[in-house]
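Open the model in your viewer and keep the selection tool at hand. The stops below say what to select and what is there.

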Amino acid sequence: MLLVFSDEHKEHLGFLPEVDSSVVGEFGRIAVEFLKKGSNPKIYEGAARKLNVPSETIQHGVEGLMYLLTESSKLMISDVDFQDSVLVLGFSEELNKLLLQLYLENRKEIRQILGELAPSLPHYQNLEWRLDVQLASRALRQQVKPTVTMKLHLKSGGTQTARLFQTDPATLLHLLQELERALAEVKSNHCRRILRNIK
Amino acid sequence: MELSDSVVKGLQTLADPACFDFRAFTAFTEVAFDSLLSSRTDRALDLPELKKIDQALLKHCHVATTTFILEGIKQNADKSTISSCLEDVKFDSERVDAFYTSYQKNKRNLESLLSSIDRCPPHITDASWRLEYCMKNGHVHNVNQPTFLISFNTEDGGNEGTSSDVNFSCTLEQLQDLVGKMKDAAKSMERATQL
């Protein structure tokens with residue numbers, strides 16, 4: 001699968017061959033940094049002053065790189081396809097190699113960041129548990145009531161939440177049985193066949 | 001067992017053969033136990049055996065008897081405690097025996113009723129799950145990962161028994177982690193019961 005560049009995107013990236021390859025490397029580092037932590041316009045101004053170009057040009061260059069990286073990571077295109085795609089831009093071989101390296105080095109992490117954007121339920125993070133025996137309460141003295149208290153840590157977007165639950169021993173065994181059935185299902189013939197065929 | 005004056009007075013009335021003959025007494029105690037265990041309590045005292053007795057008196061005796069029953073269950077009172085308390089309020093031995101028989105018969109159910117009155121975190125009652133295979137989304141293609149959607153059904157005793165679901169998703173590794181930790185808990189529990 002090849003990437004298709006819009007004219008605007010080509011124009012923005014067109015700034016890259018005009019500067020030194022070490023500068024392109026620096027832009028690549030900034031692009032990856034911005035993808036991880038969000039953009040910081042001050043950096044554009046600083047770079048613009050150093051290179052003596054309008055800060056918009058820098059911004060377009062970095063954003064063009066960010067778009068190039070996210071699109072190719074999103075589609076998970078192969079090394080060969082990436083190289084063939086950037087060929088259209090007419091850059092030097094050295095610059096193409098630099099971009100390929102940038103893509104391959106950061107693909108995994110960028111895919112992980114993009115994966116977090118997908119709509120999803122809160123994600124399981126951790127489970128803590130405690131075993132208690134209730135001995136008495138206001139309403140009833142002399143009890144022996146075993147309880148399992150569980151703290152379920154979930155993560156949704158960037159926020160972590162923890163919820164507290166209780167259950168009794170019999171229900172705990174039932175829950176366990178049910179979740180083990182879920183785990184076993186992944187190894188069933190039906191699932192394995194589907195997983196093999198969707199690639 | 002410490003009883004308030006009002007309860008003592010109510011029980012004394014119940015012990016008095018001039019107020020409650022033995023037939024009225026057995027019908028009345030049965031109603032007292034039933035009213036604690038069943039949710040239908042209106043007109044419970046509307047029985048032919050109790051027609052002759054003054055309504056206000058009947059209500060006072062009912063409150064006294066149910067209070068006595070609950071206090072006994074709460075403290076896990078044994079036969080001698082119950083008997084001596086009832087003898088103190090002038091129950092004859094026939095009434096003491098009849099009362100204790102009903103007490104013994106309903107003890108278990110009343111205990112579970114009282115143990116359910118409790119403030120505690122939501123109680124998990126069941127779990128459902130769904131297995132999905134995520135292929136792609138708007139941001140990433142070729143995801144190709146199995147995902148489990150787990151739903152814990154919970155009941156909140158403190159919040160009038162309202163039930164709600166907790167939904168969350170797990171990757172294969174995360175579910176294995178969850179199951180492993182729950183297994184640890186189950187094993188510890190098993191070991192604790194063997195002590």
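This is a predicted model: local features need pLDDT of at least 70, side-chain atom pairs count only at pLDDT 80 or more; totals for chains, interfaces and linings use all residues.

Select Lys74(A) and Glu71(A) and show their side chains: the two form a salt bridge, with the closest N and O atoms 4.0 Å apart. Now colour helix α4 of chain A, which holds both Lys74(A) and Glu71(A). The two residues are 3 residues apart, about one turn of the helix. Over all chains, the structure holds 14 salt bridges.

Next, go to the boundary between the chains. How many salt bridges does the rule find across the interface of chain A and chain B? The rule finds 1. To see this salt bridge, select Lys183(B) and Glu180(A), whose side chains meet with N to O at 2.9 Å.

Stay at this boundary and select the elements on the side of chain A that touches chain B. Those that give two or more residues are α4 (55–75), α6 (93–115), β1 (123–134), β2 (145–156), β3 (159–167), α7 (169–185) and α8 (189–197) of chain A. Which of them gives the largest share? It is α7(A), with 14 residues.

Now show both sides of the contact. Chain A contributes 53 residues and chain B contributes 57 residues. The area buried between chain A and chain B is about 5200 Å², and carbon and sulfur atoms give 70% of it. Polar contacts are there too: 20 residue pairs between chain A and chain B, both residues at pLDDT 80 or more.

Select residues 123–190 of chain A. An unreviewed UniProt entry places the feature "domain: COMM" here. Over this stretch the chain is 28% helix and 49% strand. The C-alpha atoms at the ends of residues 123–190 of chain A are 26 Å apart.

Finish with chain B. Its domain assignment gives domain 1 (5–118) and domain 2 (123–193). Give each domain its own colour; the C-alpha centres of domain 1 and domain 2 of chain B lie 47 Å apart.

Terms used: Residues are numbered from 1 along each chain as its sequence is written. Chains are lettered from A and ligands numbered from 1 in the order in which they are written. Side-chain values use heavy atoms; hydrogens and water are left out. Contact means heavy atoms within 4.5 Å. Buried area is the accessible area (1.4 Å probe) that two parts lose on being put together, summed over both. A polar contact is a pair of N or O atoms within 3.5 Å; within protein, one must be able to donate a hydrogen and the other to accept it, and residues adjacent in sequence count only if both atoms are side-chain atoms. Helices (H or I, at least four residues) and strands (E, at least two) are DSSP runs, numbered from the N terminus. UniProt positions are given in the numbering used here, feature names are shortened, and annotations may be inferred rather than shown by experiment. Domain bounds come from an automatic or database domain assignment.
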